[in-house]
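The sequence and structure are shown first.

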Amino acid sequence: MVERNLAKVEVAGSSPVVRSAERARSAADRALSRFPAPPRPGPARSASGPPRLTFVIPAGDSRHCRAGAGPGMLEDMSERVIEVTGLRRRYGGPGPEGFEAVRGMDFEVRRGEVYALLGTNGAGKTSTVELLEGLAPPTAGQVRVLGMDPCRERGAVRPRIGIMLQEGGFPSDLTVAETARMWAGCTTGARPVAEALDLVDLGRRAAVRVKQLSGGERRRLDLAMALLGRPEVLFLDEPTTGLDPQARHRTWELVAALREEGTTVLMTTHYLEEAEALADRLAIMREGRIVLSGTPAEVTAAQPSRIRFRLPEGMAPAELPLDLPAAVEGTRVEIRTRDLQADLTRLLLWARDAGAVLAGLDASSASLEETFLQVADGPAGADGADGAQGTDGTGGDGRVERVTA
Amino acid sequence: MSGYSTTSVLLGVPMRKGAGARMRSLARAELTLLVRNRTALFTALLMPLLMVAAGYSVSQDMADDLAEGGLSVGMTVASGGLVMIMLLVVYSNLTAAYAARREERVLKRLRTGEPTDGEILAGMALPSVLLALAQCVLLVTATALLMADSVPRQPLPLALGALLGCVLMAVAAVVTASFTRNAESAQITAVPLFLVSAVPVYVPLELLPDTLADVLRLLPLTPSLELMRSGWSGGLDGTELLRALGLAVVLDGAGGVCCTPVVPLGAPAVNRGGGERNA
């Protein structure tokens, strides 16, 4: 991204946008070069303003800044685009007939990140996203999007965000192009309609009525409308549900390209491979709370790895190295470990010394799916509010945030 | 199309699209939908014509009664026609349209965009209101040409009455749609207001028992009707005119205030199908 060791970066006052890096054209520019981005509203980019400070950022420190929306622009990656504290949402009254869908959420999303909310149905993902989108005020707690209250300051927030709901909501008797034209007429700095439709491969369906579209095509139309205003922040609620595999991958490419362009994305999804492919960080929700969050690697690292093998003929389980916690069923052995390399080494050294052949030996780190099943699906109370089950103790390097109630 | 003005491009920041542009855009889409919906088109174009014809024959039969109440046949046909236009073209039509858009979650989707709730509802009402006003002009012109006793003497109260009536009916449609499940049930939920509003058109209030007349005076369209009639007869003096005008404006305003809590028209449907929390 930056050639030499250090890139000089200037910041205008406390403005979150880091500017004037010498060169910052990235893969994103190539991916979206067909559609040059016009200037967009956002953090001030005017020449006047508070005195400039100069910071020096080590090259390759992409955690703090990376290629921005235009040539020669870097985006400050530490800017918190979405901040959520103590968020609660209750439907119905305070009595027993009411239901609390969101029960105290805290998280933040930095500029340019793709953040995924995972969880089973009813975990509170959509209820949370609706609060972030400003569709309803929270029962308690605070939401800030681009530093503003998305509900009370929606007039200022909306032109800078794009929203894709879980279910469309376009008049069935309008054509695709008419729908896009209506939406463009309501959107500041809208892309040309044809361009927006081409982004999601709907250009050829422009003259078709919405009611004649397939479910997947409607999802793509919805996505196109969310992208129409070149949003800084994009909210996607299950963007690929109902898409065929090809369209799903196309959507992933699009989201990845937008991310490279500097768009911040908050998405919910049922598909773990989607979160694994796209998300910089993710949070697994259960019953209105975040139970586990971090990068995909951190989240899976919080789960123990597994070593599996079959006991050699005539060997008793008691002969295994005793300090390894092992579950034995017949001749099958499964060892769960937080330190796969050390424990595997010990096991193999023992096997060599004992002259044992471990048939069907298999060692694997936890997958996101295993983690998800372990964490997201547990019955209420079975593992306690502290989520001690399965993920006992803290995650490896301590960077995984375990959320306790 | 691009949404940028020259100045805003020079400043490097696109100017936020104005409320007018957003409402035009919504109105255009709604007009397209109106043209594509046969039921709505029938209600909006043919029904008023049929009702005016029916009103004409009824008025002929009641000519003596009307005269007793100080109304001429021509005036009754014309003012009755205007009320019918408001009820059919604006009220019935819009109630069904709002309910349909909510059912299809269009309102919810629009609420995720830049338009405010008021802009969404007003933008959607625009085609019906304009169509109704055009029909009002046509009807007044036609009756004035065809029937000697229906030439308006004071066009201003007439125009104000028609305008305020149309706006009030749009507001009433929002309120009615808030408890209307879908476009079909709008044919039922819109009936009560429709029927009672028609009574004072053909039955002079002066001929009715006082209590009933007082109740009918409270109907939303009555002040508009009085305003419009005074346009023909010139019968109202300054104070009465102002009272009717004030009442009509207050009703519009009060209706608007009533709308505010129901404006999240999406709400019932949203929660019904939003789904996850029910799981």
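Is B:Ala53 buried, partly exposed or exposed? B:Ala53 is partly exposed, because its relative accessible area is 46%; buried means under 20% relative accessible area, exposed over 50%, and partly exposed in between, with a 1.4 Å probe and protein chains only. B:Ala53 belongs to helix α3 (residues 38-61) of chain B; helices are DSSP runs of H or I with at least four residues, strands are runs of E with at least two, and both are numbered from the N terminus.

The model is predicted: local features need pLDDT of at least 70 and side-chain atom pairs count only at pLDDT 80 or more, whereas totals for chains, interfaces and linings use all residues. Residues are numbered from 1 along each chain as its sequence is written, chains are lettered from A and ligands numbered from 1 in the order in which they are written, and side-chain values use heavy atoms, leaving out hydrogens and water.

**Nonpolar cores**

A nonpolar core is a set of buried Ala, Val, Leu, Ile, Met, Phe, Trp, Tyr and Cys residues joined through side-chain atoms within 4.5 Å. The largest has 107 residues, and those with the most contacts inside it include A:Leu221, A:Ile284, B:Tyr98 and B:Met169. Helix α5 (residues 73-103) of chain B supplies the largest share of this core, 16 residues. A second, separate core of 32 residues includes A:Ile82, A:Leu132, A:Leu165 and A:Met285. Leaving aside residues up to four places away in sequence, A:Ile284 touches several residues, among them A:Leu118, A:Val299, A:Phe372 and A:Val375; contact means heavy atoms within 4.5 Å.

Over all chains, the whole structure holds 2 aromatic pairs. Rings of Phe, Tyr and Trp (its six-membered ring) pair if their centres lie within 6.5 Å; planes under 30 degrees apart count as stacked, over 60 as edge-to-face and the rest as tilted.

| Pair | Type | Centre to centre | Angle between planes |
|---|---|---|---|
| A:Phe107 and A:Tyr115 | stacked | 5.1 Å | 5° |
| A:Phe170 and A:Trp183 | edge-to-face | 6.0 Å | 85° |

A:Phe170 lies in the loop between β10 (161-164) and α4 (176-185) of chain A, and A:Trp183 lies in helix α4, 13 residues apart. Both A:Phe170 and A:Trp183 are buried, as are A:Phe107 and A:Tyr115. Helix α4 of chain A is mostly covered, with 9 of its 10 residues buried. These buried residues pack against α5 (193-199) and α6 (215-227) of chain A, and also against α2 (19-36) and α6 (106-111) of chain B.

**Contact between the chains**

Chain A contributes 48 residues to the contact and chain B 36. The buried area between them is about 3,700 Å², 56% of it from carbon and sulfur atoms; this is the accessible area (1.4 Å probe) that two parts lose on being put together, summed over both. Between chain B and chain A the count is 5 salt bridges, each a side-chain nitrogen of Lys or Arg within 4 Å of a carboxyl oxygen of Asp or Glu. A:Glu167 forms a salt bridge with B:Arg105, with the closest N and O atoms 3.5 Å apart.

**Positive phi values**

A:Glu238, a residue other than glycine, has a positive phi near 50°. A:Glu238 lies in the loop between β11 (233-237) and α7 (245-261) of chain A, and counts as buried because its relative accessibility is 5%. Phi of A:Glu287 is also positive, near 50°. A:Glu287 is placed in the loop between β13 (281-286) and β14 (289-294) of chain A, and is partly exposed at a relative accessible area of 32%.
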